[in-house]
Amino acid sequence: MRYVSTRGAAPELGFAEVLLAGLADDGGLYVPVEWPELPDLAGIHGYADVATAVMAPFVGDDLDRATLSRLSHEAYAEFRHPAVVPLRQLDDRSWLLELFHGPTLAFKDVALQLLGRLFDHVLAERGERVTIVGATSGDTGSAAIDAVKSCEHVDIVILYPEGRTSDVQRRQMTTVASPNVHAIAIDGTFDDCQDLVKAMFGDESFRGAMRLSAVNSINWARVMAQVVYYVTAARSLAGPVTFCVPSGNFGNVLSGWIARRMGAGIADFVVASNANDILTRFVTERDMSVRGVVPTLSPSMDIQVSSNFERLLFEMNGRDGGMTAEQLGRFRATGRLDVEQDQYDQFIAGSFRAARCDDQATLDEIGRVYREAEELIDPHTATATAAARALGSDHPIVTLATAHPAKFPDAVERATGVRPALPPHLDDLYERPERTCTLANDLAEVQGFVRSVTRITS
């Protein structure tokens, strides 16, 4: 399997190079040269074994099947539920896909527990080190840190928007004592953090000197690993099913689109947004125009520039990297992305529906689910169960439960009167000392910090 950049000006790479590179040299995102078909899964049971089979075509010859299987089994042994991502039925038509049974209680663990092991394996074979830099709106940072905190060949610097994550999200990043881990508050929004990361990757001299790599969903391996749970859920319910996905950066729902492209039994997708509703406006009105980011009860979705939409845009453009780069340049300059009606009709209409859920509606939905189904859900999941209920489907609806309710205890308690408890492995989280600092939204200052902590030797 070979990979190309969505902007068309970077060289083709194999899987291992794409894993370590993260972002392409031309600023684009890597995608496979072609989409494989799902393998025959008859007789394959157990999440790690299904994951190995689904991901093997993307990995190609860069890892042998036995190594991929071993890493998958090691990664998913870290999850608290034997099914890894269990389905829980809410009513006769609705299901929750619980993606929060990993170490940091968020769906990001499903991909990142594997990604950390892939990094360490490939780097150990090559005798190399990398410096991971990433931006987080809450969950990616803690999941990435947990995944690489014991990696011998990785230093990690995570940027998060000061005051815009939950206390649990922040503490999961700032209380890790490993010397290779650094969590930095940025005086700005998540989009500011994401821009800083992209700028560091865009600085070729800095990128090369620091051996930068990425674990955000700009890294193809993240998207690849998330494809698996769409396959397992659709398979469990004998498809076709509708998936409802709380979305900010578009990476999770894109993984579902890829699963459907590969042949999984998926009818369509409902994209759920909070007040930062750029994706809902695009799906419903073809309006992708940037507005100010509003802080909400679902902070991981407080995003206006959805990086992973670039991968779908590349497909919409007939895989024309030059056209994609030109469109994204105009988007950055004007704050508006325009696509042709025929592109919209082919790729969006019939495949995606969308709904918006503000904070009050989110609280109401958390309360409703608790009263009617006796289930506690977090605010992100609530935006999606509300969207699923509002839009409905002729098929079973699977809502992705992307975070444990204990990550957002204040909102859940406000809605239900019940304060969800953290699992035992985190019950002392609020007593652990924090280690962080605040930096300005300034590229030079952030680059100086990265230089000061990396263990890369030139």
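What covers the buried residues of helix 17? In this predicted model, the cover includes helix 6 (167–174), helix 15 (359–373) and helix 16 (379–391). Helix 17 spans residues 409–416, and Pro409, Ala411, Val412 and Thr416 are buried there. Seen down the helix axis, these buried residues fall within an arc of 165 degrees, so they line one face of helix 17. An α-helix has 3.6 residues a turn, so residues three or four places apart point the same way. Asp410 and Arg414 are exposed on the other side of helix 17. Gly417 follows the helix, with a positive phi near 80 degrees.

Aromatic contacts were examined next. The model holds 14 aromatic pairs. In one of the pairs, Tyr3 and Trp220, the ring centres are 5.9 Å apart. Their planes stand at 50 degrees, between the limits of 30 and 60 degrees, so the pair counts as tilted. This pair links distant parts of the chain. Tyr3 and Trp220 are both buried. Elsewhere, ring pairs join residues into a cluster. Its members are Tyr229, Tyr230, Phe243, Phe250, Phe269, Phe282, Phe309, Tyr344 and Phe352.

The largest cavity has a volume of about 290 Å³. Its lining comprises 24 residues, with Phe107, Lys108, Gly248, Asn249 and Ser300 nearest the centre. Helix 5 (139–148), helix 9 (220–236) and helix 10 (251–262) are the elements that give two or more residues to this lining. By class, the lining of the largest cavity has 14 polar, 7 nonpolar and 3 charged residues.

The largest pocket holds about 480 Å³ of space. It is lined by 29 residues. Nearest its centre lie Arg7, Lys198, Val305, Leu328 and Arg332. Helix 7 (190–202), helix 12 (309–316) and helix 13 (321–334) each supply at least two lining residues. Helix 7 gives the largest share, 5 residues. The lining of the largest pocket divides into 13 nonpolar, 9 charged and 7 polar residues.

Two single positions complete the description. Gly322 is found in helix 13, an element that also contributes to the lining of the largest pocket. Its relative accessible area is 43%, so Gly322 is partly exposed. Gly322 and Ala9 are 313 residues apart in sequence, yet their C-alpha atoms are 7.9 Å apart in space.

Asp287 lies in the loop between helix 11 (278–285) and strand 11 (288–289). With a relative accessible area of 11%, under the 20% limit, Asp287 counts as buried. Leaving aside residues up to four places away in sequence, Asp287 touches Ile278, Arg281, Phe282 and Arg336. Phe282 is also a member of the aromatic cluster. Asp287 and Leu337 are 50 residues apart in sequence and 7.7 Å apart in space, C-alpha to C-alpha.

Methods:
Residues are numbered from 1 along each chain as its sequence is written. This is a predicted model: local features need pLDDT of at least 70, side-chain atom pairs count only at pLDDT 80 or more; totals for chains, interfaces and linings use all residues. Side-chain values use heavy atoms; hydrogens and water are left out. On a 1 Å grid over the protein atoms alone, a cavity is a set of points where a 1.4 Å probe fits but cannot get out, and a pocket is an open set with protein on both sides within 12 Å along at least five of seven lines; lining residues have an atom within 4 Å of a point. Grid points are joined across faces, edges and corners, and a volume is the space filled by probe spheres set on the points. Helices (H or I, at least four residues) and strands (E, at least two) are DSSP runs, numbered from the N terminus. Ala, Val, Leu, Ile, Met, Phe, Trp, Tyr, Cys and Pro count as nonpolar, Asp, Glu, Lys and Arg as charged, and the others, Gly among them, as polar. Rings of Phe, Tyr and Trp (its six-membered ring) pair if their centres lie within 6.5 Å; planes under 30 degrees apart count as stacked, over 60 as edge-to-face and the rest as tilted. Buried means under 20% relative accessible area, exposed over 50%, partly exposed in between (1.4 Å probe, protein chains only). The arc is that of the directions from the helix axis to the C-beta atoms. Contact means heavy atoms within 4.5 Å.
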